[in-house]
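Please open the model in your viewer and keep the selection panel at hand.

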Amino acid sequence: MPDPLLSVHDFSIVYDVDPPVEAVKNVTLELQRGEILGLAGESGCGKTTLAYGLQRLLRAPAVITSGSVTFHDASGVDIDVNALDIEEMRRFRWDKISMVFQGAMNALNPVTTIGAQLDDVFQVHRPDLNRRERRAACEELLELVAVGRERIRSYPHELSGGMRQRVMIAMALALRPQLMVMDEPTTALDVLVQREILRQISQLRHEFGFSVIFITHDLPLLLEISDRIAVMRNGEIIELAPARELWEQPQHEYTKTLLASFPRLTGERGVLVR
Amino acid sequence: MTTLEFVNVSKRYRVRGAPSMLALDDVSFTLHDRETIALVGQSGSGKSTIAKILTQLETPTSGEVLLNGKPIPRHGRGLRSYRQTLRMIFQDPFASLNPYHSIRYHIERPLRLDNVVPKAETEREVRRLLERVRLDADSVIDRRPHELSGGQRQRVAIARALASRPSLLVADEPVSMLDVSIRLGVLNLLADLQREEGLGVLYITHDLATARHFSDQIMVLHHGRVVEHGSADDVILNPQHEYTRELRSASPDPEKHFATTSAHPQGGVA
Amino acid sequence: MKIPVRFIASRSAFYLFTAFAAITINFFLPRMMAGDPVTAYMQRNAGQITPEAERSLRILFGLDQDSSVWEQYSDYWQLLFSGDLGRSFSNGLAPVGDVISSALPWTLGLVGIATIVSFVLGTATGALIGWRRGSKADVIVPISTFFSTVPYFWLGLIAIAVFSSTLGWFPASHAYDKGSSPEFTADFIGQVIAHGALPAITIVIASLGGWILGMRNMMLTVLDEDYITVAQAKGMPNRRVLWNYAARNAMLPQLSSFALSIGFIVGGTIVMEMVFSYPGIGKLLLDATTAKDYPLMQGVFLIITMAVLCANILADVAYAILDPRTRQTEA
């Protein structure tokens with residue numbers, strides 16, 4: 001039985017430059033509660049713009065030109081994201097939908113401790129918590145992602161890439177959101193670390209039941225972790241299918257090209273092209 | 001016949017205020033022409049140290065690097081001929097081409113420096129090289145790097161490397177900065193050139209899948225040590241070392257994934 | 001906060017060495033100049049100089065031909081540690097230390113406050129302008145840059161002509177009214193503020209442009225960083241993103257330029273005090289030069305060097321507090 005969490009309808013984003021660039025074209029999709037939706041595509045296909053657009057995080061010259069985004073809250077209320085005013089939008093962000101960005105150094109503020117950056121989230125969204133409760137919550141989060149509470153006073157540069165990404169995940173988890181948007185969360189990481197992080201995400205998802213939109217160019221990875229995969233090209237979703245279906249019977253030519261771009265690890269050898 | 005040998009090469013970096021770090025620990029291997037070796041390792045494994053030693057940005061702390069049995073000269077004509085024999089292709093095709101010069105200039109330069117062809121034939125040779133990497137010579141020759149796509153730039157870099165007719169090529173993550181759908185094209189091109197020109201290629205990468213398909217042998221580097229070295233199929237399909245096994249099982253492998261999971265991949269991570 | 005012992009030790013060592021080098025140069029400089037004016041002065045005023053004062057002058061200026069350079073050098077250090085900088089010729093042989101300490105507070109107070117106000121105001125304005133890029137506030141940038149490219153003495157003279165001579169809002173010169181003497185009364189403090197206002201305002205106007213421009217440009221760079229997007233995605237209010245995330249990072253290069261500009265501030269001080277006849281250290285140096293008062297000049301040089309060094313240390317400390325990454329790297 002379908003139980004949608006997020007409905008995107010006819011959603012378009014244009015970069016208002018000369019000539020205008022249609023970054024996202026009439027995207028319609030429905031994300032189910034508890035689902036992992038993979039969003040695959042190459043750089044410049046609009047996948048990141050789409051993700052930012054859902055949270056209205058775009059900056060000029062990007063403009064949302066059409067479409068609606070509806071968030072079906074667990075409380076039963078439907079939230080029309082485009083209709084929220086600035087203050088409501090601010091409170092909506094992270095509380096309902098949080099984000100994990102590429103594992104590089106840059107997603108964390110380099111000059112403050114990770115504890116302070118976690119604390120920020122509670123200060124802003126949960127003003128009724130006192131200092132001690134906030135501190136306890138931050139420590140709990142760091143324990144949860146296996147970074148350890150003793151790291152609360154560390155600065156980003158004192159942590160390894162994998163650790164920093166765990167901190168990002170802890171931060172994304174802070175308010176127990178119903179959806180996490182992950183934009184290339186493991187791309188900059190070594191494959192072993194990547195696997196650990198994925199395991200962590202999966203485990204947390206079992207525990208807290210959030211949905212995931214997982215954005216990456218790494219199709220083999222998506223095939224393994226997603227329930228459904230949307231393939232994007234030039235701002236359009238050209239194919240959306242369950243992972244197995246996409247793998248076994250890709251419909252679109254471009255999907256086939258993408259699939260063929262990754263040599264099989266254990267398949268037949270010698271030819272680079274399948 | 002050209003042979004590049006690493007004989008018990010170690011490299012120790014001294015870091016002020018910290019214990020010194022062994023970036024390479026007793027690494028030995030031999031690369032002949034007509035042969036491809038993939039050097040697989042994660043960041044910090046020492047694979048970029050090997051590239052740096054080959055480009056002579058670093059010298060080994062101990063051990064020897066030999067070309068045809070002789071140590072690599074530090075300067076003069078010997079060094080020039082070493083650089084003509086062994087060419088590099090780098091990860092970032094934007095950074096490795098000079099934005100102020102045309103594509104023609106980039107390829108002419110090694111031709112002139114190494115006197116590969118008579119001066120009158122330079123233009124023809126430049127065009128031949130561009131066609132060789134499957135670029136349309138007429139449309140790219142007078143352009144500058146920023147007017148080309150990433151894949152085209154990397155092809156230019158390959159043409160430039162081929163200009164001095166090397167017998168060995170070191171490709172340091174040549175496709176990892178390119179868009180997914182063109183990576184394979186560039187790798188296929190490299191593979192074809194390798195076969196046709198009889199090149200020896202050292203393919204440095206973090207990606208097990210392309211390593212297996214591109215090369216005859218795979219060498220797995222971990223914490224500066226070669227933990228496994230063998231034929232590509234053996235290393236991937238039948239890994240002996242614990243670390244290789246870990247790497248293999250961590251690499252995405254949809255084929256195996258769909259073969260082993262039921263039709264319901266709900267939350268199928270790990 | 002962890003105390004970065006290594007960092008502090010290496011920075012202190014650096015500054016101690018710089019101070020030592022500056023003082024040593026200050027010792028050798030007069031020995032390279034002809035000692036004649038000093039000898040001449042002492043001969044002219046023989047009998048008026050106490051033997052004690054004469055001894056210190058001899059040490060300071062290397063007139064002690066009997067002793068070796070080493071002895072002179074160690075005597076010189078001893079003098080410095082006892083706070084004796086010699087006697088000022090042009091101030092009735094008053095101790096140089098006393099002369100300087102009567103002028104120093106004026107400069108420190110006026111220039112110090114004006115510089116800090118300019119830095120804070122300029123950085124804050126630059127942060128806001130950078131945050132609202134493309135808005136009408138951008139107009140401030142060319143205007144403030146215009147004022148910082150105008151030669152300062154010209155700006156000062158115009159300010160005097162307009163606000164003092166014509167409008168009569170502020171007194172044109174000196175630190176307080178003629179006839180009064182420094183005391184802790186409301187009246188006197190009012191005078192100091194009235195006299196200091198014009199020079200302080202001109203300093204702020206002249207230096208504001210640089211801080212605004214620098215900060216605005218850094219803001220534009222920092223606003224493109226991922227952690228700004230993350231902060232916005234986190235639902236942080238704009239004020240918080242602006243100050244805690246963007247400005248906090250963008251101001252680090254500002255601190256470096258602050259440390260670099262300290263030398264220029266000293267130069268500017270001399271011009272300012274000349275234009276406004278302000279009784280500070282710059283004017284003192286000017287007067288000492290005109291009067292060929294070598295002991296005073298040497299003393300002022302020493303104090304200026306030490307002041308620049310101290311300001312650098314402060315900028316360094318501020319940087320280390322604001323940027324955790326510097327604490328880790330060895331200088």
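Begin by selecting chain C of this predicted model, which has 13 helices and 0 strands, so that the order of elements from the N terminus reads α-α-α-α-α-α-α-α-α-α-α-α-α under the DSSP assignment used here. Along its principal axes the C-alpha trace of chain C spans about 80 × 55 × 35 Å. Of the 331 residues in chain C, 44% count as buried, and among contacts in this chain with a separation of 6 or more, 73% are between residues 24 or more positions apart.

Next, select residues 104-315 of chain C, the range for which an unreviewed UniProt entry lists "domain: ABC transmembrane type-1". This span is 80% helix and 0% strand, and its end C-alpha atoms lie 20 Å apart. The feature "transmembrane region", also from an unreviewed UniProt entry, is placed at residues 12-29, 106-131, 152-172, 192-213, 258-279 and 299-322 of chain C. Two of these ranges can be coloured separately: residues 106-131 of chain C are 100% helix and 0% strand, with end C-alpha atoms 37 Å apart, while residues 299-322 of chain C are likewise 100% helix and 0% strand, with end C-alpha atoms 35 Å apart.

Staying in chain C, show the side chains of Asp287(C) and Lys283(C), which meet in a salt bridge with an N to O distance of 3.5 Å. The two residues are 4 positions apart in helix H11 (residues 281-290) of chain C, and are therefore separated by about one helical turn. Asp287(C) is partly exposed at a relative accessible area of 38%, and Lys283(C) is partly exposed at 26%.

To cross from chain C to chain A, select Asp224(C) together with Arg59(A), whose salt bridge has its closest N and O atoms 3.9 Å apart. Asp224(C) is in the loop between helix H8 (186-223) and helix H9 (226-233) of chain C, and Arg59(A) is in the loop between helix H1 (47-54) and strand E4 (62-72) of chain A, so the pair joins two chains. Asp224(C) counts as exposed, with 55% relative accessibility, whereas Arg59(A) is partly exposed, with a relative accessible area of 29%. Over all chains, the count comes to 39 salt bridges.

Within chain A, move to the loop between strand E1 (4-15) and strand E2 (21-32), where Pro19(A) is placed; a cis peptide bond, with omega about -5°, joins Asp18(A) to Pro19(A). Then select the loop between helix H2 (86-92) and strand E6 (97-100) of chain A, in which Trp94(A) is found. Although Trp94(A) is not a glycine, its phi is positive, about 70°, and at 0% relative accessibility Trp94(A) counts as buried. Lys96(A) is found in the loop between H2 and E6 of chain A, and is buried, with a relative accessible area of 19%, which falls under the 20% cut-off for that class. Beyond neighbours within four places in sequence, Lys96(A) is in contact with Phe71(A), Asp73(A), Ile79(A), Pro177(A), Gln178(A) and Leu179(A).

Now bring in chain B and display its boundary with chain A, where 43 residues of chain B are in contact with 40 residues of chain A. How much area is buried between chain B and chain A? The value is about 3,900 Å², of which carbon and sulfur atoms give 58%. Between these two chains the count is 0 salt bridges, while 11 residue pairs are in polar contact, with both residues at pLDDT 80 or more. On the chain B side, the elements that give two or more residues are helix H7 (180-197), helix H8 (208-214), helix H9 (232-237), helix H10 (242-250) and helix H11 (254-260). By class, that side has 19 nonpolar, 15 polar and 9 charged residues.

Finish inside chain B. Asn8(B), placed in strand E1 (residues 3-13) of chain B, has a positive phi of about 45° although it is not a glycine, and counts as partly exposed at 40% relative accessibility. Then select Arg87(B) and Asp114(B), whose side chains meet in a salt bridge of 3.5 Å, N to O. This pair links distant parts of the chain, 27 residues apart, with Arg87(B) in strand E6 (residues 86-89) and Asp114(B) in the loop between helix H3 (103-113) and helix H4 (122-132) of chain B. Asp114(B) counts as buried, at 13% relative accessibility.

Definitions and conventions:
Residues numbered from 1 in each chain as written. Chains lettered and ligands numbered in written order. Heavy atoms only, no water. Contact = heavy atoms within 4.5 Å. Buried area = accessible area lost by both parts, 1.4 Å probe. Salt bridge = Lys/Arg side-chain N within 4 Å of Asp/Glu carboxyl O. Polar contact = N/O pair within 3.5 Å; in protein donor to acceptor, adjacent residues only side chain to side chain. Nonpolar A, V, L, I, M, F, W, Y, C, P; charged D, E, K, R; others polar. UniProt positions renumbered as here; feature names shortened; annotations may be inferred. Buried < 20%, exposed > 50% of the residue type's maximum accessible area, 1.4 Å probe, protein only.
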